[in-house]
Amino acid sequence: MNAVLVDSHCHPDRFRPRDGAPLEQVLARARARGVVGFLAVGVDLESSRAMVNLAAREHGVFAAVGVHPLQEVLPPLPEPETLADLAQSPGVVAVGETGLDHHYGTDWAEWQRENFARHLEAARLSGLPVVVHTREARRETLELLRHYAPPTGGVLHCFTETWEMARSALDLGFYLSFSGIITFRNAAALREVVARAPLDRILVETDSPYLAPVPHRGKPNEPAYVVEVAAEVARIKGLDLEEVARATCANFERLFGVQLGGSPAGPPSAPRKKEEVNP
Ligand SMILES: [Zn+2]
Ligand SMILES: [Zn+2]
């Protein structure tokens with residue numbers, strides 16, 4: 001039997017599978033491997049609206065709404081109220097992704113900072129956790145989270161930074177989400193972070209269509225491959241895949257205030273209503 005898993009971060013509007021399979025089929029392939037939940041993450045307002053629509057029609061899909069720190073053309077900064085409004089749509093469980101990326105985005109670091117701050121405000125307004133993208137901006141990210149993180153906390157997604165940063169984020173009540181990068185040969189230091197991170201504070205994700213894990217590296221990624229990510233977490237921690245699957249699903253439910261379907265063939269479970277999530 002397949003372990004029941006959730007892909008805590010993917011970009012369905014960016015999927016371009018090699019075989020040209022439509023989105024429904026890509027999700028079905030994941031379900032066939034035991035993936036019962038998907039967090040569909042918007043990267044700008046248009047993409048966020050598309051993720052809200054997807055969550056409304058696809059079982060097990062939840063949405064996050066936000067404006068990504070890396071943009072080909074910088075959009076106007078979103079108003080926190082606009083984001084918070086969108087976040088009230090059914091199926092939305094988080095604000096993001098947002099954050100700071102100084103690997104690529106140094107030229108518009110100020111825009112990133114203001115964009116991030118507005119999302120933190122929106123998360124506070126809407127009572128939802130925040131999905132944070134952070135790369136080579138450790139001090140600045142932690143500083144903003146320390147001052148403005150919503151009480152609902154959030155997750156540092158596709159975590160690739162140091163244990164020191166992981167420790168600080170955990171202390172702030174944040175979760176860490178690991179992607180296929182942990183399977184890469186040159187990721188020994190990151191595997192050390194996985195080893196040290198408490199099992200009740202980690203999530204697994206694909207960040208598909210980017211960053212396919214070994215043995216799919218170089219191909220377009222898809223949610224089905226979250227199995228390889230969870231298996232690598234299990235290997236690093238010396239646990240059964242089952243145990244990692246159970247923990248990461250429970251963590252997802254706790255952080256985002258939702259219930260996942262018990263099995264891919266099980267009865268549909270709608271996301272909990274806003275009132276229940278945020279009494
Ligand atoms: Zn990201
Ligand atoms: Zn992403």
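Predicted model: local features only at pLDDT ≥ 70, side-chain atom pairs only at ≥ 80, totals over all residues.
Local features require pLDDT of at least 70 and side-chain atom pairs pLDDT 80 or more, while totals for chains, interfaces and linings use all residues. Residues are numbered from 1 along each chain as its sequence is written. Helices (H or I, at least four residues) and strands (E, at least two) are DSSP runs, numbered from the N terminus.

Eight strands form an open sheet in the order 1-2-3-4-5-6-7-8, with parallel pairing (at least two DSSP bridges between two strands). Strand 1 and strand 8 (202-204) stand at the edges with a single partner strand each, so one side of each lacks a neighbour in the sheet. Four bridges join strand 5 (residues 130-135) to the parallel strand 6 (residues 154-157). Val 131 stands opposite Val 155 in strand 6.

In helix 1 (residues 23-32), Val 26, Leu 27, Ala 30 and Arg 31 are buried (20 or more other C-beta atoms within 10 Å of the residue's own, C-beta atoms being placed from the backbone). These buried residues fall within an arc of 140° seen down the helix axis (directions from the axis to the C-beta atoms), so they line one face of helix 1. An α-helix has 3.6 residues a turn, so residues three or four places apart point the same way. On the other side of helix 1, Glu 24 and Ala 32 are exposed (12 or fewer such atoms). The buried residues of helix 1 pack against strand 1 (5-10) and strand 2 (35-41), contact meaning C-beta atoms, placed from the backbone, within 7 Å. Just after helix 1, Gly 34 takes a positive phi of about 100°.

Terms used:
Chains lettered and ligands numbered in written order. Contact = placed C-beta atoms within 7 Å.
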